[in-house]
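Take a look at the model below. The walk starts at one side chain and follows its contacts.

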Amino acid sequence: MNKKSLIQLYLNELAQPLLCNPDETLLQVVERYGYLMPRSCQNGVCQICEYQLLSGQALQRYPEKHLVASSDQVEGSADVLGLACTSVPVSDCWVNIKGLKRPGEQEVKRLNCDIAQIEKLNKDVYRVSLVLPATASQSVSYYAGQYLEIVMPDGQQAAFSIGSAPEAGRNLELHVRHAPESELSSAILAHLQSSKSVEVELPKGDCYLQAASFAADQTIILAAASTGFSQVKSMMEHLLASGVKNPIHIYWGARIAADLYLPELPKQWAAENDNVTYHPVVSEPGDSCGWTGRVDLLPDAIKHDFATLESVEVYASGSPPMIYALLDACEEKGLQQVQMHSDVFAYAPRPEK
């Protein structure tokens, strides 16, 4: 009975069935088709991914149960409830999942996150570790590459890329650069360092990726300037967690070598994965920098490295001038603008030429 051709899953009011692979959990099926549902631990403990089985059978691995529901149940009979992360459909099933989001559909929430740790990475960049609420009503999902906004007590908001992948569950990572000349920047850092929790609004942003969306031989370029690396980090960790084997090129540009504030992490990705190449680029090393690597501007480096960019997908994070300089450089090598993804296109559109 456990064959892909026979097991079909129907979600809520959706009439189009989702085909299940052998031994695939309900959560895995739903997410493979691009749907999102409340979830956290993925091992049956937190119970956030609870669903109602309306008809069919499923084997729940933990807590171990054989779930059986008949479509002709009398009104008022007890609900058959299971946990999607450990339930494997063994017949055609119809389920109801509260909070289910269709592909591309997201709900922005304002939540209070615990501040777990603040770590200084270099002279002005801090890694801020946050923990999302554990309750199902406050669960939230995001895609790799999206951002959140910190909401200050006075109502001011500031955007920061989420530096962790969705696979990190309730744990979020931000890379916060302190700009002393900015009152808001100083206020945010002081608030984070003196508080046990912080209010955030998420998810936001249309520049994100999903591992299943790439053709097998498609080249992926992840390009970041300065703390834009946090967005690249989220994307890269998602691609690695998903087992993506596409050629991936990571470009991290900075003014001086010290601005590459997590220098060993991308080196580790490249050392442990044959399909990953890391290209650090420094534009103004100076005599005291000690930099012996590549000296170039990020757009020029990418343009020089590729004979053609006609079939490449580029995800870029940086200032508007850098992003549009990169777009111009890539278009010279055959890239179409639809192949480049950046939040800059939404908040700082370039005037018509």
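Is E149 buried or exposed? E149 is buried, because its relative accessibility is 17% and buried means under 20% relative accessible area, exposed over 50%, partly exposed in between (1.4 Å probe, protein chains only). This is a predicted model, where local features need pLDDT of at least 70, side-chain atom pairs count only at pLDDT 80 or more, and totals for chains, interfaces and linings use all residues. Residues are numbered from 1 along each chain as its sequence is written, and side-chain values use heavy atoms, without hydrogens and water.

E149 has a salt bridge to K204, at 2.6 Å from N to O. A salt bridge puts a side-chain nitrogen of Lys or Arg within 4 Å of a carboxyl oxygen of Asp or Glu. The pair joins distant parts of the chain: E149 sits in strand β10 (residues 147-151), K204 in strand β13 (residues 197-204), 55 residues apart. Helices (H or I, at least four residues) and strands (E, at least two) are DSSP runs, numbered from the N terminus.

K204 is buried too, at 18% relative accessible area. K204 also forms a salt bridge with E201, again with closest N and O atoms 2.6 Å apart. E201 is buried at 15%.

Now turn to helix α4 (residues 264-272). K267 and E264 lie three residues apart there, so about one helical turn separates them. Their salt bridge has its closest N and O atoms 3.6 Å apart. K267 is partly exposed at 44%, and E264 is exposed at 52%.

Elsewhere, E119, R127, E173, K233 and E237 are linked in a salt-bridge network. The count comes to 18 salt bridges.
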